[in-house]
Amino acid sequence: MHFQWYPGHMTKAKRQMQEDIKLIDLVIELVDARVPLSSRNPDIDELGRQKARLILMNKADLADEEQNQAWAAYFKEKGFFVVKLDARTKAGMKTISSVIMDACKEKIERDRRRGIKNRPVRAMVVGIPNVGKSTFINTYAGKACAKTGNKPGVTKGKQWIRLNKNVELLDTPGILWPKFEDQRVGLYLAFVGSIKDELLNIDELSLELIKILQANYPGVLAQRYEVVEEQTPAKVLQEIAGNRNCVKKGGELDYSKASALVIDEFRSGRLGKITLEFPRQQS
Ligand code: G4P
């Protein structure tokens, strides 16, 4: 499968982020917990050098909890602060506030030594499209927060959301671009819906997903679709089409409809809590 991205957007987004990052203490990076590495762009490590770093493993509600824990350990080991999250709910937000203070301890200490008291930590949210940036900002900031206007020393037009007395958030997230050097990355991002469906061959995609599920989550397809799993992905898809009444007008099986069904049920969590990328496969 071949994926394309748009270099024009990329360059502009990167330049914007370079500017914004100068203004902040902490980078809050969202990744998709189902594909935690493919949903990152490692360039953020260079852009966010010398900043405190927090990774939010978002959509953790859709991912396998055992793998969530393994990934959290993986990122912590690499020096990131990590929180698992469902950005649609307020549940994890208190934890995030305290982890932010922890992540910025050095900066707070430095301020104190210089006699600066109560200067809020400034943070920005970054991530690839569809990872949940806007959802997170809305949930975390809530309704009650006040937007603070332009301030001296801050680029004109920047809006900061005052979250509490300790934290301010840049109101527009930084959009990172996926890194498609490896075809697998494109595939994983397609599974989780981070690439526009018009760009995809849905049949090919569902066959790849079936293959991954057969290997890593045996029983899931059998249970959901009452199919025999121990056969080729094409045969499994054929049975799914039959069992789910995916047929064209003339009575012929409609593979594209069955493919869309499988992909949609995976994305919405109806196939269960599933992680596609595993820390044990990483170096
Ligand atoms: P973005 O700004 O990074 O592009 O992402 P955005 O917040 O628009 O979120 C993309 C989709 O992911 C939205 O669904 C949103 O509801 C969903 N989402 C965000 N965080 C989570 C999470 O932690 N768990 C789950 N399960 N879903 C999450 P949508 O279908 O595009 O919109 P909607 O129908 O939910 O409004």
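The legends below describe close-up views of a predicted model.

Figure 1. In soluble globular proteins, nonpolar side chains tend to be buried together.

**Figure 2. Surroundings of Phe191.** With residues up to four places away in sequence not counted, Phe191 touches Leu205, Glu208, Leu209, Ile212, Ile263, Phe266, Arg267 and Leu276.

**Figure 3. Helix H7 and its covering.** H7 is mostly covered, with 7 of its 9 residues buried. The buried residues of H7 are Val185, Gly186, Leu187, Tyr188, Leu189, Ala190 and Phe191. Helix H8 (202-216) and helix H11 (255-267) are included in what covers them. Just after the helix, Gly193 takes a positive phi of about 85°.

Figure 4. The whole structure contains 6 aromatic pairs. In one of these, the ring centres of Phe75 and Phe80 are 6.1 Å apart and the planes stand at 85°, so the pair is edge-to-face. Phe75 is buried, its relative accessible area being 1%, and Phe80 is likewise buried, with a relative accessible area of 10%. Tyr188 and Phe191 form a tilted aromatic pair, with 6.3 Å from centre to centre and 45° between the planes. Both Tyr188 and Phe191 belong to helix H7, where they are 3 residues apart, about one turn of the helix. An α-helix has 3.6 residues a turn, so residues three or four places apart point the same way. Tyr188 and Phe191 are both buried.

**Figure 5. An aromatic cluster and charges over rings.** Trp71, Tyr74, Phe75 and Phe80 are linked into a cluster by ring pairs. Over the face of Tyr74 lies Lys78, at 4.8 Å from the ring centre. A further view shows Arg122, whose charged end sits over the ring of Trp160 at 4.2 Å from its centre.

**Figure 6. Glu29, a buried acidic residue in strand S1.** Glu29 has its place in strand S1, residues 26-32. The relative accessible area of Glu29 is 1%, under the 20% limit, so this residue is buried. The side chain of Glu29 makes a polar contact of 2.8 Å with the side chain of Arg40. Apart from neighbours within four places in sequence, the residues in contact with Glu29 are Arg40, Ile44, Arg53, Leu54, Ile55, Leu56 and Val126.

Figure 7. Ser39 is found in the loop between S1 and helix H2 (43-47). With 3% relative accessibility, Ser39 counts as buried. The side chain of Ser39 reaches the backbone oxygen of Val35 at 2.7 Å. When neighbours within four places in sequence are left aside, Ser39 is in contact with Leu30, Val31, Asp32, Ile128 and Leu189. The C-alpha atoms of Ser39 and Lys107 are separated by 28 Å, and the two residues are 68 residues apart along the chain.

**Figure 8. Positive phi at two residues other than glycine.** Asn130 has a phi near 75°, a positive value in a residue other than glycine. Asn130 is placed in the loop between strand S4 (121-127) and helix H6 (133-141). Its relative accessible area is 44%, and Asn130 is partly exposed. Glu226 has a phi near 50°, also a positive value in a residue other than glycine. The loop that holds Glu226 runs between helix H9 (220-225) and helix H10 (233-243). Glu226 has a relative accessible area of 66%, over the 50% limit, so this residue is exposed.

Methods:
Residues are numbered from 1 along each chain as its sequence is written. This is a predicted model: local features need pLDDT of at least 70, side-chain atom pairs count only at pLDDT 80 or more; totals for chains, interfaces and linings use all residues. Side-chain values use heavy atoms; hydrogens and water are left out. Contact means heavy atoms within 4.5 Å. Rings of Phe, Tyr and Trp (its six-membered ring) pair if their centres lie within 6.5 Å; planes under 30 degrees apart count as stacked, over 60 as edge-to-face and the rest as tilted. Buried means under 20% relative accessible area, exposed over 50%, partly exposed in between (1.4 Å probe, protein chains only). Helices (H or I, at least four residues) and strands (E, at least two) are DSSP runs, numbered from the N terminus. A charge sits over a ring if NZ of Lys or CZ of Arg is within 6 Å of the ring centre and within 35 degrees of the ring normal. A polar contact is a pair of N or O atoms within 3.5 Å; within protein, one must be able to donate a hydrogen and the other to accept it, and residues adjacent in sequence count only if both atoms are side-chain atoms.
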